[in-house]
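Open the model in your viewer and keep the selection tool at hand. This tour tells you what to select at each stop and what is there.

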Amino acid sequence: MNIHVWEGFGEVLWEVAMALFPMLIFFLFFHFFFLKLPKKKLKDIFVGMVLTFLGLALFLQGVHVGFMPAGEAMGQILVEKSARWIVIPIGFILGFLAIFAEPAVRVLNQEVEKVSGGYIPAKVLLYTLSIGVAISVALAMLRILWDISLWYLVIPGYVIAFLIAFRSKKDFVSIAFDAGGAATGPMTVTFILSIAIGFASGMEGRDPLMDGFGMVALVALTPILTVLVLGLLYGRKEKEKDEQSAESA
């Protein structure tokens, strides 16, 4: 077994324990004074907490050992290519695929489908978010490549989002802004951000701190836009159905 893989794992375990401990205390407080759950349910919850603790610890260790170094190495390799523009379609593809492995997005999709009674299918929302994140990563790479200020993308983007929100279906407005937060999960932040930083650090005249970061802001923005557009399409579809029903009547 490679000992290097487990270096610093003790610190990771401590950090995860300190992050989950307050949640455990709050849960026990509510359990004893308000919830008073049956023993079987309580046992299942504690098993889930243990699995969460182990899963988070192993994931963070994997991030430190594999994800971040691999992402930075990929970014630096892309800089060495003569056709640097290729980083844009590659960023689009990686952004699209990253959402499929994002835990928070999976939970969001399932909850939306459950609460909406299947009106908004999980697969439709998943592909909508994937397209949004793919566009954001491509824009982030374009920004680094052409030295575009982040303000030129973020400010107009949120202005457009708020304008669309007034015309989109109300259900989708709430989902859209939650989707922006769900998309900026551990998969995107650790892997895609590392690629952006590695790409920026390898380019002459680029500052990894100024140019590499900022990608997460775009990732939080574009899913909002794509979900709001999805709301417009749903609203238009319903309007057409109502018009057809009125004509047939």
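**Stop 1: aromatic rings**

This is a predicted model. Begin with the aromatic side chains: a search of the whole structure finds 11 aromatic pairs. Select Phe29 and Phe30. Their ring centres lie 5.6 Å apart and their planes meet at 90°. Planes over 60 degrees apart count as edge-to-face, so Phe29 and Phe30 form an edge-to-face pair. Phe29 is partly exposed, at 42% relative accessible area. Phe30 is partly exposed too, at 40%.

Now select Phe96 and Phe100. Here the ring centres are 5.5 Å apart and the planes stand at 45°, so this pair is tilted. Phe96 has a relative accessible area of 21%, and Phe100 has 25%. Buried would mean under 20%, so Phe96 counts as partly exposed, and so does Phe100.

**Stop 2: a cluster and a patch**

Next, show the surface. Together with Phe29, Phe30, Phe33 and Phe34, they make a nonpolar surface patch of about 820 Å².

Click on Phe34. Which helix holds Phe34? It is helix 1, residues 9-35. Is Phe34 buried or exposed? Phe34 is exposed, with a relative accessible area of 55%.

**Stop 3: a buried glutamine**

Select Gln61, in helix 2 (residues 39-79). Its relative accessibility is 4%, so Gln61 counts as buried. What does Gln61 touch, leaving out residues up to four places away in sequence? The answer is Val5, Trp6, Glu7, Gly8, Phe9 and Val12. Show these side chains around Gln61.

**Stop 4: the nonpolar core**

Now turn to the inside. The largest nonpolar core has 48 residues. Select Leu129, Phe199 and Val227, which have the most contacts inside this core. Several helices each supply at least two of the core residues, including helix 3 (87-98), helix 5 (122-146) and helix 8 (186-202). Which helix gives the largest share? Helix 10 does, with 10 residues.

Centre the view on Leu129. Skip its neighbours within four places in sequence. Leu129 is then in contact with Ile99, Val105, Leu108, Asn109, Ala179, Pro223 and Val227.

**Stop 5: two salt bridges**

Side chains of opposite charge can pair when their charged atoms come close. How many salt bridges are counted here? The count comes to two.

Select Lys40 and Asp44. Their side chains meet in a salt bridge, at 3.6 Å from N to O. Lys40 and Asp44 are four residues apart in helix 2, so about one helical turn separates them. Lys40 is exposed, with a relative accessible area of 63%. Asp44 is partly exposed, at 41%.

Finish with Lys169 and Glu238. In this salt bridge the closest N and O atoms are 3.2 Å apart. The pair links distant parts of the chain, 69 residues apart. Find Lys169 in the loop between helix 6 and helix 7, and Glu238 in helix 10. Lys169 has a relative accessible area of 19%. Buried means under 20%, so Lys169 is buried.

Definitions and conventions. Residues are numbered from 1 along each chain as its sequence is written. This is a predicted model: local features need pLDDT of at least 70, side-chain atom pairs count only at pLDDT 80 or more; totals for chains, interfaces and linings use all residues. Side-chain values use heavy atoms; hydrogens and water are left out. Buried means under 20% relative accessible area, exposed over 50%, partly exposed in between (1.4 Å probe, protein chains only). Contact means heavy atoms within 4.5 Å. Rings of Phe, Tyr and Trp (its six-membered ring) pair if their centres lie within 6.5 Å; planes under 30 degrees apart count as stacked, over 60 as edge-to-face and the rest as tilted. A nonpolar core is a set of buried Ala, Val, Leu, Ile, Met, Phe, Trp, Tyr and Cys residues joined through side-chain atoms within 4.5 Å. Patches are made of residues with over 30% relative accessible area and no salt bridge: like charges are joined within 9 Å, nonpolar side chains (Val, Leu, Ile, Met, Phe, Trp, Tyr) within 5 Å. Accessible areas come from the Shrake-Rupley method with a 1.4 Å probe; for residues, only the protein chains shown count as cover. A salt bridge is a side-chain nitrogen of Lys or Arg within 4 Å of a carboxyl oxygen of Asp or Glu.
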